[in-house]
There are 4 protein chains.
Amino acid sequence: MIKNFNAFKKSLQDGREVYYRGKLVKDVTKHPITKLEVAPVEALFDEQYWFNNPDYGCRTSRFWNIPRNSADLLERSKITYEITKELEMLWPHIGSDCMLALRVSTNTLGGVFKERYDAFAKHVITNNLWLACAQIDSKGDRRFRPAEQPDPDQYVHVVQEKKDGIVVRGAKLHTSMTAIANEIVVCPGRAFKEGDEDYAIAFAVPPNTKGLKLIMRPGIASEGAKHQAEGPRANWKRMGESMTVFDNVFVPWERVFVYKDLKAASGLALLFALFHRLSAVSYRTALAEHFIGMGKLIAEANGVDRAPHIARDITDLIVYTEIQRACSRMACYECHIDKRSGVAIPNNIYTNAGKLYSNSNYMKVMNSLIDIAGGVACTAPSGEDYANKDLRPLVKKYMTGAVSGEERFKLMLLIREQIALLGGEEAVIYIHAEGSQEASIVELYRSYNYTETKEGIKKMLDRMVF
Amino acid sequence: MIKNFNAFKKSLQDGREVYYRGKLVKDVTKHPITKLEVAPVEALFDEQYWFNNPDYGCRTSRFWNIPRNSADLLERSKITYEITKELEMLWPHIGSDCMLALRVSTNTLGGVFKERYDAFAKHVITNNLWLACAQIDSKGDRRFRPAEQPDPDQYVHVVQEKKDGIVVRGAKLHTSMTAIANEIVVCPGRAFKEGDEDYAIAFAVPPNTKGLKLIMRPGIASEGAKHQAEGPRANWKRMGESMTVFDNVFVPWERVFVYKDLKAASGLALLFALFHRLSAVSYRTALAEHFIGMGKLIAEANGVDRAPHIARDITDLIVYTEIQRACSRMACYECHIDKRSGVAIPNNIYTNAGKLYSNSNYMKVMNSLIDIAGGVACTAPSGEDYANKDLRPLVKKYMTGAVSGEERFKLMLLIREQIALLGGEEAVIYIHAEGSQEASIVELYRSYNYTETKEGIKKMLDRMVF
Amino acid sequence: MIKNFNAFKKSLQDGREVYYRGKLVKDVTKHPITKLEVAPVEALFDEQYWFNNPDYGCRTSRFWNIPRNSADLLERSKITYEITKELEMLWPHIGSDCMLALRVSTNTLGGVFKERYDAFAKHVITNNLWLACAQIDSKGDRRFRPAEQPDPDQYVHVVQEKKDGIVVRGAKLHTSMTAIANEIVVCPGRAFKEGDEDYAIAFAVPPNTKGLKLIMRPGIASEGAKHQAEGPRANWKRMGESMTVFDNVFVPWERVFVYKDLKAASGLALLFALFHRLSAVSYRTALAEHFIGMGKLIAEANGVDRAPHIARDITDLIVYTEIQRACSRMACYECHIDKRSGVAIPNNIYTNAGKLYSNSNYMKVMNSLIDIAGGVACTAPSGEDYANKDLRPLVKKYMTGAVSGEERFKLMLLIREQIALLGGEEAVIYIHAEGSQEASIVELYRSYNYTETKEGIKKMLDRMVF
Amino acid sequence: MIKNFNAFKKSLQDGREVYYRGKLVKDVTKHPITKLEVAPVEALFDEQYWFNNPDYGCRTSRFWNIPRNSADLLERSKITYEITKELEMLWPHIGSDCMLALRVSTNTLGGVFKERYDAFAKHVITNNLWLACAQIDSKGDRRFRPAEQPDPDQYVHVVQEKKDGIVVRGAKLHTSMTAIANEIVVCPGRAFKEGDEDYAIAFAVPPNTKGLKLIMRPGIASEGAKHQAEGPRANWKRMGESMTVFDNVFVPWERVFVYKDLKAASGLALLFALFHRLSAVSYRTALAEHFIGMGKLIAEANGVDRAPHIARDITDLIVYTEIQRACSRMACYECHIDKRSGVAIPNNIYTNAGKLYSNSNYMKVMNSLIDIAGGVACTAPSGEDYANKDLRPLVKKYMTGAVSGEERFKLMLLIREQIALLGGEEAVIYIHAEGSQEASIVELYRSYNYTETKEGIKKMLDRMVF
């Protein structure tokens with residue numbers, strides 16, 4: 001069992017093939033960028049995030065509590081929110097999102113799949129392993145379904161069936177936290193149709209499995225924060241994603257949880273998305289609170305917090321935050337219980353409505369935040385200018401607003417980090433992570449129960465006579 | 001006690017001075033427009049909306065249940081939603097919104113004010129009276145505060161103090177349901193400052209009080225629905241508003257609940273708005289469901305329900321509905337309890353965020369609904385054309401879509417009623433009723449607790465060193 | 001030749017089958033609703049809209065000037081704008097929009113089609129006839145193309161070919177001004193593919209042709225304006241649309257301008273849309289100016305014209321107006337000349353961008369207008385209340401703002417007419433008339449020339465080396 | 001006269017005090033960041049941007065042509081657009097924007113001010129000098145007007161009047177191109193009222209003037225583009241801004257163009273903003289074309305260019321581009337001529353409407369662009385991964401879409417540069433540069449001529465009788 005942060009760091013030194021900017025990373029815990037990805041895990045060892053897990057008879061992370069009712073889901077949403085606030089970055093517990101979805105799916109399948117899942121879950125939870133979840137395939141030419149692709153490897157698929165397991169090939173994109181995971185769970189990323197059987201699979205492998213290559217996206221924001229004061233968050237902690245290449249990777253049968261099962265695979269894709277989107281709306285609420293805090297402090301620092309257009313801007317931030325909070329909590333308050341597994345499943349409609357609202361309005365609230373900040377959010381001098389003892393008095397003097405020059409200057413560096421360093425990544429994350437706007441539209445439109453709303457209208461139609 | 005709908009109708013024949021289109025309405029229960037305002041009250045006599053009221057020791061409307069916890073508030077929100085669905089029109093129980101606010105305010109004031117309130121509440125509830133609440137003053141030139149107005153009567157105020165009561169003058173606008181009320185409660189409509197004492201009052205009077213004149217707004221939608229099938233809702237029931245003129249009206253002391261008290265009056269104005277906005281977000285959820293039902297049925301009737309832009313339009317309607325529902329319920333789940341009165345007060349932030357979201361997005365979802373409906377929502381033939389036996393086959397034939405011509409024609413008449421008859425009033429209601437967008441912005445901006453959000457940012461600032 | 005308004009009115013008494021609310025209209029110039037449709041034509045006889053037409057060697061309406069350059073198109077846009085301002089209603093000269101498109105198409109076809117067009121154009125122009133243009137078919141089940149429809153009549157088509165002409169069947173919807181036209185030009189409403197030949201036709205017939213039935217949409221706004229002061233525009237003039245049924249209508253060959261020609265018919269559909277959309281963006285500029293005027297006068301009357309959120313609202317109206325003006329004029333400044341016919345064709349991109357902007361933002365500016373107006377836009381008393389000498393002083397007193405009560409009351413009636421009477425129709429018109437938002441998206445996306453924008457990007461890509 | 005790019009570079013080696021990240025930049029033409037700011041100037045020496053200037057009797061940049069009619073302004077807008085396209089970055093000719101405004105202002109003032117301006121203009125233009133224009137003051141606490149500020153230096157002002165000139169103190173923010181200018185023109189940044197006289201000044205100084213310190217903003221995007229292929233634009237050219245500190249700077253009288261003149265200074269502030277906003281809408285049109293090109297190429301590379309939601313996204317980009325183009329050109333087509341100076345002044349309404357539209361919709365179109373790009377815009381591997389010969393085949397294979405893996409990968413690096421590197425700065429620029437949204441709202445609301453729009457409404461009111 002991984003007992004503390006040091007043991008965790010040690011567990012990552014296992015020969016995994018991680019590449020950053022074209023070079024093999026020898027030790028992810030020491031590389032200047034990947035170590036920022038390791039850093040947030042420390043928080044998980046904090047006593048406040050642990051509890052006596054009744055299902056596993058030992059102390060585990062609170063994230064491994066199996067939600068069986070609204071209260072459990074609310075707590076799950078709440079600790080996601082809290083850890084995001086603490087880490088000042090998005091930090092969904094993807095591993096348990098994924099394991100919960102797998103729990104429901106394998107309980108439905110039963111038999112050997114349930115047994116494999118139970119054994120794997122016990123292994124992961126009692127050993128306190130950290131998981132990544134690889135879902136979205138490279139997809140190739142999007143006009144084609146998996147089995148129709150000119151290159152069959154554009155979705156991860158079985159290429160060989162052996163006595164003791166299977167061989168898979170393909171690549172997953174956007175996979176968060178692989179470089180720092182103890183296991184990578186691989187889930188399907190879409191619904192399948194007949195002919196796609198080889199793609200309808202789910203399994204798990206450790207990151208140091210032969211043939212597995214993790215090519216990391218560059219940490220632009222962290223690299224770009226030259227002076228410490230210009231990247232208080234970007235230089236502190238980060239989340240990393242990899243292109244996760246499965247170059248003929250062997251997976252033993254006991255780690256295969258769904259196998260050539262179109263229905264189970266399609267269902268699992270949706271179910272993971274649902275748990276993950278609840279985490280998303282929960283962490284987004286926490287991040288959005290930061291926008292309010294920044295906006296309000298800057299407005300006060302500029303002396304404009306009584307200007308009506310600034311009040312409107314800040315109210316935009318408030319409404320953005322509180323609607324996300326309302327949706328994430330309602331998804332817990334009004335969940336439903338999966339009969340077989342006993343798992344409480346978040347309300348699909350509130351989760352997706354909250355998620356779609358979050359995706360669709362992010363750029364609008366950024367507009368409000370930038371409007372509050374003013375042009376200095378871009379054109380403020382650098383941290384090094386302030387460190388220069390001759391320039392400091394000038395910068396201080398001319399950055400003075402309704403608060404001291406130093407406080408306002410810091411606020412401007414902070415907002416510049418938010419907008420110009422973290423902003424680009426974050427915009428893509430807000431708009432695409434956990435599914436694009438179109439994905440939420442398709443899901444809401446498909447799954448909404450129109451019966452009652454139609455019946456209301458039919459009553460009206462019935463009153464119409466000629 | 002008013003025991004049934006007939007007794008209620010009778011109670012309205014009391015000599016009240018109601019004017020419609022310049023003429024005195026002799027009997028509001030018989031006049032073709034005001035009788036549509038009387039009609040919805042019938043639903044309130046339905047058994048499902050009654051319960052044994054523990055506070056008053058008798059059977060009363062469920063709306064008179066004093067909410068003392070989340071569950072009570074949730075039920076309150078739910079019956080508002082349900083009655084809106086049943087009546088197919090907005091139907092907030094304004095009287096109990098207002099009485100709850102008064103209950104809290106008078107409990108805070110204590111003494112004679114609490115006594116007067118308790119007596120009045122008992123009278124109203126045990127006799128099953130229907131209340132209107134008059135809040136918004138004529139306001140005159142909006143550049144001036146009440147006491148600064150060139151005409152002092154632009155806000156309702158005390159003009160004379162007598163031994164047995166007071167004399168008031170002024171006019172309230174937009175007062176819903178006065179014509180059909182048994183009592184009119186008059187509340188302040190804004191916050192007050194020193195000098196405004198004469199305006200800082202709350203009281204109640206019966207509608208037939210001498211000097212009280214109710215000048216009704218014209219029921220344009222109901223008048224405009226020439227053929228029955230063109231106004232299935234407009235010709236069925238409606239809500240009416242009056243300019244409520246207090247032409248030196250005498251109010252006995254026992255009906256004066258707040259008197260020349262700047263703080264209590266200002267607080268009451270906000271508190272009524274809060275209860276009323278929860279009712280608003282609740283009824284708006286129900287109305288929005290009708291938009292979904294209309295949109296989906298029309299999309300199917302047109303054969304376009306699989307077109308991606310139509311899916312997006314309908315998803316707009318779904319998100320609009322579900323965010324309102326989420327906010328209204330969260331306002332109940334996370335309420336707070338007023339210590340003195342024991343009344344559960346809706347969460348201010350969720351209520352106002354939901355209300356502001358509702359106001360600000362109404363026109364956008366109408367755009368989506370109109371986009372789904374197509375131009376026929378305006379240019380369809382009339383109900384009389386369909387009633388003409390020679391024209392009917394032609395209209396039927398050429399209104400045929402993916403469903404029969406008659407069904408699609410009815411849907412088009414229904415959407416035309418929604419857009420062209422009810423639409424104009426409704427747009428104003430959605431944007432202004434229960435407070436304008438600016439009012440919600442001001443309230444959210446003012447009342448939001450920024451402490452925690454600021455502290456999160458200050459932690460970041462503290463990490464910045466030069 | 002129709003020399004004056006009286007002669008025009010007389011020309012409409014020709015036995016045409018016009019139905020209004022299920023009844024045959026005996027004389028459209030006398031019927032209370034259709035006479036409002038006749039009324040605007042009077043303006044066309046005003047000397048300012050006439051000129052010596054060099055192409056026809058006689059005095060004709062300026063709308064019949066064949067635009068051969070930017071200046072001509074600008075004038076065309078300008079008189080559309082001016083007549084809209086004068087009539088206070090949308091009033092595109094659809095007939096000449098349509099004839100210009102036909103001119104270009106038949107010049108391209110040449111031969112007999114050009115001859116027929118030239119003869120018809122001379123007849124129309126020298127006799128000063130008023131035209132309607134019927135374009136949009138009933139469409140049936142929109143999943144199917146014309147030739148695939150379960151009912152082949154859902155698009156107007158040839159059902160019989162005779163020696164002296166053809167017989168057509170089907171129905172056109174949304175056809176403006178048919179009841180008051182001297183000729184109805186029938187154009188295709190979409191692009192066609194192989195198999196649709198019978199639908200690929202264009203022709204003209206007089207409204208009193210046998211088998212032609214005009215079923216008018218009800219004039220809800222005009223009917224609903226009970227008191228004269230509540231419908232200063234709705235009761236003054238209006239535009240009417242019909243379901244235009246072709247029940248085996250015979251068309252002589254000399255009035256058939258496109259015949260079973262997929263390419264010519266598809267091109268004509270787009271070209272008419274283009275000319276018509278330029279008219280649309282021109283008249284919408286004029287209408288939008290009214291919104292500014294209303295908004296500003298009401299803001300001043302309420303005494304809120306210095307409030308920042310009101311300034312923002314009014315600026316929304318200004319930007320909406322001026323962007324439409326900019327696009328309509330740019331479509332003229334940067335037109336292109338059709339070589340064969342010499343006709344100046346409006347710039348496709350500016351026209352459609354302006355039109356799409358206009359459609360997509362209408363509801364947003366209505367939100368701004370309603371926000372300015374306040375709830376009184378819905379709840380103001382009626383005109384009859386003001387006419388009542390006892391009520392008048394009260395209404396006057398309590399409608400007083402920063403201007404007199406009478407002036408402000410009138411403004412409120414006017415805004416109520418705009419929002420609650422005309423608003424519904426207008427919303428549908430703004431969103432759908434001259435093509436829906438989706439239609440403009442499809443057209444812009446299809447026709448935009450991406451070459452240069454792509455080349456700019458390719459230059460960047462070429463600089464990228466590894 | 002500065003005859004070529006080398007001479008220009010030499011002219012910058014003049015002892016100016018430029019600071020970058022806390023260090024004095026010895027030679028701005030060699031420093032890795034500031035040399036990117038020098039680079040774009042080379043384009044100005046291209047023959048295509050020169051002409052025989054009739055006013056100065058010598059060959060000068062076309063930007064120095066004094067616009068005297070629409071055609072001149074159109075050309076001015078066009079070359080701004082063209083140079084933006086060529087440089088692939090915003091590059092308004094701020095110096096001539098500013099000198100045109102000064103020309104009009106000093107011609108109005110006449111006398112010594114006109115003489116000084118004329119001499120200075122001749123010096124600048126005939127010597128081919130490059131100008132910066134410093135306008136926006138540090139502003140301090142924005143609740144206070146200049147003369148009310150606790151620190152009087154928060155707006156640049158006269159602190160001493162000498163025989164041969166004046167001494168000024170203060171700081172200007174956001175000043176573009178100062179590090180590479182031959183002269184810095186200092187303009188007021190707001191309207192003034194009585195008491196602000198010391199602030200109501202305009203003047204020019206060379207950047208190496210004693211007491212002048214240029215503290216540059218860090219070039220985050222350029223610094224952050226680690227691999228050449230990840231910053232094809234950011235590493236190629238850039239624009240830089242400074243905090244421009246006037247630490248008791250002496251200005252000789254012959255360089256003082258406005259002096260303690262509230263009206264002239266206020267007018268100059270607006271006039272410079274106007275010329276500069278025309279440049280802005282012109283360069284923004286060019287930049288927006290790049291968004292179209294990127295969006296379309298990526299959509300094609302992903303194989304999704306036929307998906308309706310992608311068509312809508314790309315149409316958003318098209319409309320955004322073409323409305324800006326329409327407004328910029330209309331501002332030229334419908335300009336007015338200043339009588340005294342003969343200078344053609346851009347149409348204020350179209351310029352500001354276009355600018356406000358541009359500011360307000362930027363984040364929305366970025367949303368569309370990110371929606372098209374997909375998550376790979378954030379999570380794609382790095383340029384170094386592609387340069388690694390072992391990883392290249394994998395990256396290539398799994399970046400393959402409907403085009404080759406290399407082409408698609410380059411597109412993803414390009415969009416990542418756009419969004420994550422340049423995006424943050426650009427968002428602030430789009431929302432604030434050349435004036436914030438609120439500034440445009442205030443200006444449009446203030447300067448719009450409401451007369452005609454009100455008269456249209458008054459005609460309606462006159463028809464209303466009771």
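A salt bridge is here a side-chain nitrogen of Lys or Arg within 4 Å of a carboxyl oxygen of Asp or Glu. By that rule, 8 salt bridges are found across the interface of chain A and chain D in this predicted model, in which local features need pLDDT of at least 70 and side-chain atom pairs count only at pLDDT 80 or more, while totals for chains, interfaces and linings use all residues. Residues are numbered from 1 along each chain as its sequence is written, chains are lettered from A and ligands numbered from 1 in the order in which they are written, and side-chain values use heavy atoms, with hydrogens and water left out.

One of these bridges joins the side chains of A:Asp151 and D:Lys397, with 3.1 Å from N to O. On the side of chain A that touches chain D, helix H10 (residues 348–373) of chain A gives the most, with 7 residues; helices (H or I, at least four residues) and strands (E, at least two) are DSSP runs, numbered from the N terminus. The contact, meaning heavy atoms within 4.5 Å, takes 76 residues from chain A and 76 residues from chain D. The size of an interface is often given as the accessible area lost when the parts come together. Between chain A and chain D the buried area (accessible area, 1.4 Å probe, that two parts lose on being put together, summed over both) is about 6600 Å², of which carbon and sulfur atoms give 64%.

Within chain D, an open sheet of 4 strands runs in the order E5-E9-E10-E13 with mixed pairing, where two strands pair if DSSP finds at least two bridges between them. Strand E5 (131–134) and strand E13 (256–259) of chain D are the edge strands, each pairing on one side only. Strand E5 of chain D pairs with strand E9 (residues 183–186) of chain D in the parallel sense over 4 bridges, and D:Ala134 stands opposite D:Val186 in E9. Helix H6 (residues 111–126) of chain D packs on the sheet, touching E5, E9, strand E10 (201–205) and E13 of chain D, and its direction makes about 145 degrees with that of E13; axes are lines fitted to C-alpha atoms, for helices over the stretch in contact, and angles run from 0 to 180 degrees between N-to-C directions.

Chain D is superposed on chain C by a rotation of 180 degrees with 0.0 Å of shift along its axis (RMSD 0.0 Å), by least squares on the C-alpha atoms of residues with pLDDT of at least 70 in both. That is the relation of a two-fold axis. In chain D, the C-alpha nearest the axis belongs to D:Ala326, 2.9 Å from it.
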